[in-house]
Amino acid sequence: MFLKQEFSVDIEQDPNNIPDRLRSTDYDLILLDMNFKAGINDGEEGFNWLNEILKVDPQAVVVLITAYGEIDLAVKAMKQGATDFVLKPWKNQKLLATILSALQLRQSKKEVEKLKVTQERLQDEIDQPYYYFIGESPAIQRVTELIARVAATDANILILGENGTGKELVARAIHRQSARKDKVFISVDLGAITETLFESELFGHVKGAFTDAKQDKTGRFELASHGTIFLDEIGNLSLPLQSKLLTVLQNRKIQRLGSPKETSIDFRLICATNADLHQMVFEKSFRQDLLYRINTVEVRIPPLRERIEDIPLLTNHFLNIYTKKYKRAGIKIDKSVIAKMQKYYWPGNIRELQHAIERAVILTEEKVIQKPEILISGNTARREQHSPKTLEEMEKIFILQSLDENEGNVTQTAMALGMTRTALYRRMKKHGIQ
Ligand SMILES: Nc1ncnc2c1ncn2[C@@H]1O[C@H](COP(=O)(O)OP(=O)(O)OP(=O)(O)O)[C@@H](O)[C@H]1O
């Protein structure tokens, strides 16, 4: 009755029900009597139940209470994992003080648990090889400048681009240049989370919230506290999940599944998608209010085929990485092969280029790779599937095609195009063609 004035209290008369109760409810503290059978007062039962409790929840905070107290018993209790020991008859104020300090311990244990998970995430981050965002093309320069400008603000960012264009890399670059750089960067692939696990993954749950919820779980938003949360493939969210996410973004509060408590969270939001969200809004498959909430600034990353000037640079970058990794120092790629690579469509963008180079480094027996087949599987004419949007782009493609037909011979290409070699070189330089 006394404790009920301060706390929410469940009373259990039969200790045999303890394990079931612990599995279904997350108790902050257990006040455990030591003798349950008439005539037996050696406290052994109390010790047995203490062990059972700690088996179910090693983090449990248990205060033992008994009328038959001796120092020895108290010492034994603490050794076996009890948090404190209270003697009957108790003094209310003393009992309250004991309980409050035990609750503080419980809070600290929870904090430690959360920090452990955050620490693991940070370690994952540190273990990630740090790849610089490489590119000199005007298109990429514009992206780099935009990153620098928006990173310092806390604005919500939406990164748009085809698969493999470097959206996650850009998100990490924004985080690294922001005031939150010393805090955690949490990446969530929404495309990989099932509908049923969405809430539990993102917002967390408390023990017993559903059948498999055996432990409390910290959600990704809570983990991202004071840091950055990166929601990849946001275009894959179903409409009901979009509403749930919107509520969190509006209130900046989360509620763990099964918990009545709301927790305020401070995070910076970066989203990415390869889908055309504006079109999806038009088709009513993406909520307009959610789009407005996430796209304070939009960063568009152009596909690789629209910045072929970067191909030699990226090729060198990945060659460096993989020749080191596979101990194949000295492998080079012939210029003619690079020219062919610049004509390829690269549907998988930089990720495809990266994998192509890794594969080539593993497979090649030559010091200088002369055969484009080892790098590009498709036929280079696939570029034609992509219709140029500007005159500039058309000119570039035309020059590349002509160079291809003339097997890279600049004099013959210039003749075929009806221009001088110098004029052709000037144009090739402008378009970043090697
Ligand atoms: N400009 C770049 N410089 C160096 N490496 C890059 C660049 N852009 C992308 N990469 C590399 O290409 C790979 C794919 O990049 P990332 O995962 O960021 O792409 P994404 O657009 O997020 O892909 P998806 O849409 O499939 O999630 C990564 O290994 C990344 O390091």
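## Basis and overall make-up

Because the structure is a predicted model, local features are reported only at pLDDT of at least 70 and side-chain atom pairs only at pLDDT 80 or more, whereas totals for chains, interfaces and linings use all residues. Residues are numbered from 1 along each chain, following its sequence as written.

The protein holds 17 helices and 14 strands, where helices (H or I, at least four residues) and strands (E, at least two) are DSSP runs numbered from the N terminus. Of the 434 residues in the protein, 29% are buried; a residue is called buried if 20 or more other C-beta atoms lie within 10 Å of its own, exposed if 12 or fewer, and partly exposed in between, with C-beta atoms placed from the backbone. Among contacts with a separation of 6 or more, 71% join residues 24 or more positions apart, a contact being two residues whose C-beta atoms, placed from the backbone, lie within 7 Å.

## The five-stranded sheet

An open sheet of 5 strands runs in the order β5-β8-β11-β4-β12, with parallel pairing; two strands are taken to pair if DSSP finds at least two bridges between them. Since β5 (185-189) and β12 (297-300) stand at the edges with a single partner strand each, one side of each is left without a neighbour in the sheet. From one strand to the next the twist averages 20°, as judged from axes that are lines fitted to C-alpha atoms (for helices over the stretch in contact), with angles running from 0 to 180 degrees between N-to-C directions.

Strand β11 (residues 268-273) is joined by 4 parallel bridges to strand β8 (residues 228-232), with I229 opposite L269, and it also pairs in the parallel sense over 4 bridges with strand β4 (residues 157-160), where L160 has T273 as its bridge partner. Strand β4 in turn is connected to β12 by 4 bridges, again running parallel, and I159 is partnered there by V299.

Helix α6 lies across β4, β5, β8, β11 and β12, and runs at about 165° to β11.

## The three-stranded sheet

A second open sheet has 3 strands in the order β1-β2-β3, and its pairing is parallel. Its edge strands, β1 (30-33) and β3 (84-87), each pair on one side only, and neighbouring strands are turned by 25° against each other on average, direction ignored. Strand β2 (residues 62-66) pairs with β3 in the parallel sense over 4 bridges, and V63 stands opposite D84 of β3.

## The shell around the ligand

Around the ligand there are 17 residues, of which I134, G166, K167, E168 and I350 come nearest; a residue counts as near if its C-beta atom, placed from the backbone, lies within 6 Å of the molecule. The elements that give two or more residues to this shell are α6 (167-176) and α14 (349-363).

By residue class the shell divides into 5 nonpolar, 8 polar and 4 charged residues, where Ala, Val, Leu, Ile, Met, Phe, Trp, Tyr, Cys and Pro count as nonpolar, Asp, Glu, Lys and Arg as charged, and the others, Gly among them, as polar. At least three residues come from each of domain 2 (128-302) and domain 3 (304-383), with domain bounds taken from an automatic or database domain assignment.
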